[in-house]
Amino acid sequence: ATIVCGEMMYAGLFITLGYNGILLLFIMYFAFRTRNVPENYNETKFINLTIYSLAIIWIAFIVVYYGTLSLGLTFHSISHILAAISSASVILACLVIPKMYILIRTKLKNN
């Protein structure tokens with residue numbers, strides 16, 4: 001027996017992607033406005049890189065998601081999982097690792 005969702009499955013997806021898309025556009029606007037801040041605020045370049053990378057990942061996800069409508073629900077799940085893993089990896093690589101590097105470098109420098 002196979003469980004098949006109705007059309008309401010797409011309504012939930014639209015609500016979640018719409019909310020995340022609005023947040024992403026809002027953050028991209030402020031990332032664009034803060035790109036020329038002084039060098040003392042060095043974190044803006046990491047935030048910009050992260051946000052623009054996330055935008056590219058999720059735009060590619062939407063294209064792949066709707067491009068595989070005829071292939072079945074398995075490809076939808078796979079594309080959603082890959083988009084989520086890619087987003088988490090980008091956030092880790094662009095925001096968390098540079099901060100950890102600075103913390104470790106300054107700790108070794110002080111010893």
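A surface patch here means a group of residues with over 30% relative accessible area and no salt bridge, where nonpolar side chains are joined within 5 Å. Keep in mind that the model you're looking at is predicted. In it, Ile91, Leu92, Val96, Ile97, Met100, Ile104 and Leu108 make a nonpolar surface patch of about 620 Å².

You'll find Ile104 in helix H3, which covers residues 73-110. With a relative accessible area of 48%, Ile104 counts as partly exposed, so it passes the 30% cut-off for joining a patch.

As a rule, side chains of opposite charge can pair when their charged atoms come close.

## Inside: the nonpolar core

Now go inside. The largest nonpolar core has 13 residues, and Leu24, Phe61, Tyr65 and Val90 have the most contacts within it. Helices H1, H2 and H3 each give two or more residues to this core, with H2 supplying the largest share, six residues. In soluble globular proteins, nonpolar side chains tend to be buried together.

Which residues does Val90 touch, once neighbours within four places in sequence are left aside? They are Thr50, Ser53, Leu54, Ile57 and Leu95.

## Rings that meet

The model has six aromatic pairs. One of them is Trp58 with Phe61: the ring centres are 5.0 Å apart and the planes are at 80°, so this pair is edge-to-face. Trp58 and Phe61 are three residues apart in helix H2, which means about one helical turn separates them.

Tyr65 and Tyr66 make another edge-to-face pair, 5.3 Å centre to centre with 85° between the planes. Here Tyr65 is buried, at 6% relative accessible area, and Tyr66 is partly exposed, at 31%. Step back and you can see a cluster: ring pairs link Phe14, Trp58, Phe61, Tyr65 and Tyr66.

Conventions: Residues numbered from 1 in each chain as written. Predicted model: local features only at pLDDT ≥ 70, side-chain atom pairs only at ≥ 80, totals over all residues. Heavy atoms only, no water. Patch = residues over 30% accessible without salt bridge, like charges linked within 9 Å, V, L, I, M, F, W, Y side chains within 5 Å. Areas by Shrake-Rupley, 256 points an atom, 1.4 Å probe, with all protein chains shown as cover. Salt bridge = Lys/Arg side-chain N within 4 Å of Asp/Glu carboxyl O. Helix = DSSP H or I, 4+ residues; strand = E, 2+ residues; numbered from the N terminus. Buried < 20%, exposed > 50% of the residue type's maximum accessible area, 1.4 Å probe, protein only. Core = buried A, V, L, I, M, F, W, Y, C linked by side-chain atoms within 4.5 Å. Contact = heavy atoms within 4.5 Å. Phe/Tyr/Trp six-rings, centres within 6.5 Å; stacked < 30°, edge-to-face > 60°.
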